[in-house]
Amino acid sequence: MARANRINGDKNNGLIIDYCGILKNLRKALATFTGTGDTSRTGGLGPGELDPTRTKEELLEELKQAIGLVSDFLSERKASLDIIINTSGFERNKAIVAAKEAVNENDETRKKFEVMCREVFIKFKACLTISGVNTYRNQYNAINIIYKSLQKDIEQADISDIIKQLHEIIDESITVTQGKAKEPNKSYDISKINFKKLHAEFVHDFKKSKEKNTIVQSLKSVIEKKLEQLIQRNPLRTDFQEHYEKIIDEYNKEKDRQNIEATFEALLKFVQELDEEESRAVREGLDEETLAIYDLLVKPDLKPQEIQKIKKVAQGLLKTLKGKLKDMYKFQDKEPTRDAVKVLIRNFLWDEKTGLPVENYSQNDVYKKAEAVFYHVFRAYPTVPSPYYASVAN
């Protein structure tokens with residue numbers, strides 16, 4: 001008998017070759033050590049014992065059932081796995097798009113489909129050494145195409161791609177006529193673009209689309225990536241996360257044309273809010289790193305000159321912290337180094353020359369602000385420079 005390799009990661013099965021007819025005893029041993037076996041019994045499996053071995057026929061049947069679940073899932077939503085298998089070119093691409101649209105009905109349907117696909121992949125891999133597996137290869141390939149296309153949508157999600165998809169919907173209805181050539185290399189003032197009109201155009205294109213579910217899912221992927229980056233850089237942006245979750249909760253509650261169109265509009269508006277937040281550092285005359293410190297230090301109802309003072313404090317504190325942290329290796333791991341950073345922040349903010357203005361900040365305020373800054377630094381600066389700000393142009 002050849003020893004079966006252990007399962008690990010995406011390897012969920014091992015191949016056992018029985019050269020001398022000991023399968024019966026082998027099954028009992030496996031059942032004992034992987035199930036609820038009773039070692040006092042002899043012969044066959046005892047009551048309640050779990051046999052982890054599968055014959056070739058059983059494995060193929062499990063694969064067939066897993067593929068059937070995927071096929072039925074698509075058929076129930078008016079999409080077809082068979083069309084993807086049996087056609088080519090435009091018809092096949094159209095069938096793939098229809099399948100993705102069916103899967104993207106909402107977050108729950110997408111997750112369920114992806115789980116079923118991964119189960120097919122596991123079952124297919126378990127059957128690779130069985131000659132009968134080729135009977136199911138076309139179905140496997142079709143399912144794999146849909147699954148990979150869904151993953152590609154997430155990985156390559158970009159606002160420009162979504163806009164391109166929307167414009168492609170109406171491209172076929174546009175007739176180009178020859179007219180007077182425009183001036184080449186002419187520059188345009190982007191500040192004169194009517195963004196409200198542009199927003200209305202995107203919504204109009206979306207309403208004409210037959211791929212509403214897929215477009216919304218792609219837009220969600222864009223937002224989630226952007227939102228994650230913004231929150232990593234600034235802990236006070238969690239209200240954006242809460243706002244986004246409310247939009248998605250409403251989207252998942254009801255599924256009709258009006259609801260999905262309203263969701264698309266809400267997501268477009270939310271993207272604009274994220275863009276405005278992303279550019280706030282520039283409007284404040286700061287970089288993203290300093291803005292995070294400034295937001296943790298600032299208080300409401302400060303006068304303009306007092307706000308300018310807080311900005312200088314934030315800039316000075318960040319410079320001091322980075323100078324100290326660059327010489328500390330994993331300061332988070334040891335209590336003495338953590339305490340040293342806490343004391344540095346507190347002393348800087350309490351100092352009359354470098355710190356927060358005493359007329360606006362009490363001793364308790366300073367301690368609270370110092371604690372908030374420490375937790376931000378603890379999370380965002382595993383190294384200096386911080387990996388969270390590496391992609392931000394300063």
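This is a predicted model: local features need pLDDT of at least 70, side-chain atom pairs count only at pLDDT 80 or more; totals for chains, interfaces and linings use all residues.
Residues are numbered from 1 along each chain as its sequence is written, and side-chain values use heavy atoms, with hydrogens and water left out.

Taken as a whole, the protein has 16 helices and zero strands; both are DSSP runs numbered from the N terminus, with helices being H or I over at least four residues and strands being E over at least two. Of its 394 residues, 37% count as buried, where buried means under 20% relative accessible area, exposed means over 50%, and partly exposed is in between (1.4 Å probe, protein chains only). The accessible surface comes to about 24,600 Å², and 51% of that belongs to carbon and sulfur atoms. These areas come from the Shrake-Rupley method with a 1.4 Å probe, and for residues only the protein chains shown count as cover. Among contacts (heavy atoms within 4.5 Å) between residues at least 6 apart in sequence, 67% join residues at least 24 apart.

Back in α6, the buried residues are Tyr140, Ala142, Ile143, Asn144, Ile146, Tyr147, Ser149, Leu150 and Asp153. Their cover includes α2 (56-76), α3 (81-86), α4, α5 (107-126) and α9. Aspartate 153 sits in this helix, which runs over residues 137-155. Leaving out residues up to four places away in sequence, aspartate 153 touches Lys100, Thr214 and Ser218. With lysine 100, aspartate 153 makes a salt bridge whose closest N and O atoms are 2.9 Å apart; a salt bridge is a side-chain nitrogen of Lys or Arg within 4 Å of a carboxyl oxygen of Asp or Glu. Lysine 100 lies in helix α4 (residues 89-103) and aspartate 153 in α6, so the pair ties together parts that are 53 residues apart in sequence. Lysine 100 is itself buried, at 11% relative accessible area.

The whole structure holds 17 salt bridges. Glutamate 278 counts as partly exposed at 32% relative accessibility, whereas lysine 226 is buried at 18%. Glutamate 284 and lysine 311 also meet through their side chains, at 2.9 Å from N to O. Here glutamate 284 is in the loop between α12 (280-283) and α13 (288-297), and lysine 311 is in helix α14 (residues 304-325), 27 residues apart. Glutamate 284 is partly exposed at 25% and lysine 311 is buried at 8%. Finally, Arg237, Glu277, Arg280, Glu288 and Asp295 are linked in a salt-bridge network.

Helix α2 also holds leucine 60, which is buried at 17% relative accessible area. Neighbours within four places aside, leucine 60 is in contact with Cys127, Ile130, Gly132, Val133 and Tyr136.
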